[in-house]
Amino acid sequence: MRFRDAFLRRLGPGAFSGATIGSWLKVLSDNRASIDAAFWPRAAWITLAAVPNTLVAIAERCRYGRAIDRTEIEPPLFILGTWRSGTTHLHNLLCVDDRFAYPNLYQVTCPSTFLLSERGMSRLVDWCMPKRRPQDAVKFGVKEPQEEDFAMCSLSGQASMLTMSFPRNVAFYERFMTMEGLSPSELARWKACYLFFLKKLTFKYRRPIVLKTPANTARIKTLLELFPEAKFVHIHRHPYDVFRSAKHTLLKAGPWWQLQRPNYRDDEAINRQLIEQGKILYHSFFAQRSLIPAGRLHDVAFEDLERDAVSQIRSTYDALDLPDFGYVKERLCAYVNSLSDYKKNIFPELPDGLRHRVHHEWRRCFDEWGYVA
């Protein structure tokens, strides 16, 4: 297992397993084909895989294209919250309810082909994934709920998480977190690819979709333009815990994605990047939060969810007028009980200077939710 993980960490396709020739060429163009020599084997793997991906995508489009185009997306339920705030835990809890659908890991990995390829290829893709996330002990498998921005990496090459693949092009990719500074053609492409993916999921499942992508926290306005009836649940966590976990994730998960050597050569560069990302994300959230109509946004504290998940999910159902909670209560309790052996990462306390800096830069998050500095 260690050899397999080391092999995949070095050569695996990262964010572009499902890229077609067209989307991969666009990514190369956006980055001026600037791939460091150490990652040429990964780029070669992606290029080779893009050929069959393209052929299967064409076949899928011929078979299902008209039906997908006619599909109406039911108003989604969006989970908001910064990276490492508990969005995955909340997503998994809500996805226990089979009256909702969600994108799984295979579908976000192969977004152009999953209607045709999932049954036959899911085992191979599952082998190409670690069994636990690199940054923590959360289960990682092709059937597990996953964030839709992974799909946007392969579909459009437009996702803020691609800063991990191309860390020297952070300014370009972070625009897709806030959707600010995009050209009309870039915005139109993002919307078209996003809707295409959700139409495919709706065509497959015929149910409302629960979606979790931290970057959505900063693009409420765009989401409401696409889905005026959407509902939102936002999760927050103590900012110091968020920062420590985000830093750990960047160092642990980044190497699985990289096509360029990172430009953060020391602790200070990492700290600066994470603090700035958090500021941008929540500046947009606080500016756009009021656009959500009354009764369609509910806040959850990670600490409360950790202490009593069933009660917090019940409150979410009540606040957002979701379907009868009684239907899912028994299964939800069983799922929560299955997590009893899960062990969280334990990180050292932040140095005083960094604590003060995080508190100063993320002050509104402390004040908004009553966290002690």
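The legends below describe close-up views of a predicted model.

View 1. Four strands make up an open sheet, in which the order is E2-E1-E3-E4 and the pairing is parallel. The edges are taken by strand E2 (210–212) and strand E4 (297–301), each of which has a single partner strand, so one side of each is left without a neighbour in the sheet. From one strand to the next, the twist averages 20°. Strands of a sheet pair through backbone hydrogen bonds, either parallel or antiparallel. Here E3 and E4 are paired in the parallel sense over five bridges, and Val233 has His298, in E4, as its bridge partner.

View 2. Across the whole structure, a search finds 19 aromatic pairs. One of them joins Phe78 and Phe232, whose rings are stacked at 5.4 Å centre to centre, with 20° between the planes. Because Phe78 belongs to strand E1 (residues 77–80) and Phe232 to strand E3 (residues 231–236), the pair ties together parts that are 154 residues apart in sequence. Both Phe78 and Phe232 are buried.

**View 3. A lysine over a phenylalanine ring.** In this view, the charged end of Lys200 sits over the ring of Phe114, at 4.4 Å from the centre of that ring.

**View 4. Cysteines without a disulfide.** A disulfide is a covalent bond between the sulfur atoms of two cysteines. With a cut-off of 2.5 Å between cysteine sulfur atoms, the count of disulfides in this model comes to zero. For Cys193, the closest cysteine sulfur is that of Cys153, and because the two sulfurs are 12 Å apart, they are too far from each other for a bond. Cys193 is buried, with a relative accessible area of 14%, and Cys365 is likewise buried, with a relative accessible area of 10%.

Notes
Residues are numbered from 1 along each chain as its sequence is written. This is a predicted model: local features need pLDDT of at least 70, side-chain atom pairs count only at pLDDT 80 or more; totals for chains, interfaces and linings use all residues. Side-chain values use heavy atoms; hydrogens and water are left out. Rings of Phe, Tyr and Trp (its six-membered ring) pair if their centres lie within 6.5 Å; planes under 30 degrees apart count as stacked, over 60 as edge-to-face and the rest as tilted. Helices (H or I, at least four residues) and strands (E, at least two) are DSSP runs, numbered from the N terminus. Buried means under 20% relative accessible area, exposed over 50%, partly exposed in between (1.4 Å probe, protein chains only). A charge sits over a ring if NZ of Lys or CZ of Arg is within 6 Å of the ring centre and within 35 degrees of the ring normal. Two strands pair if DSSP finds at least two bridges between them. Axes are lines fitted to C-alpha atoms, for helices over the stretch in contact, and angles run from 0 to 180 degrees between N-to-C directions.
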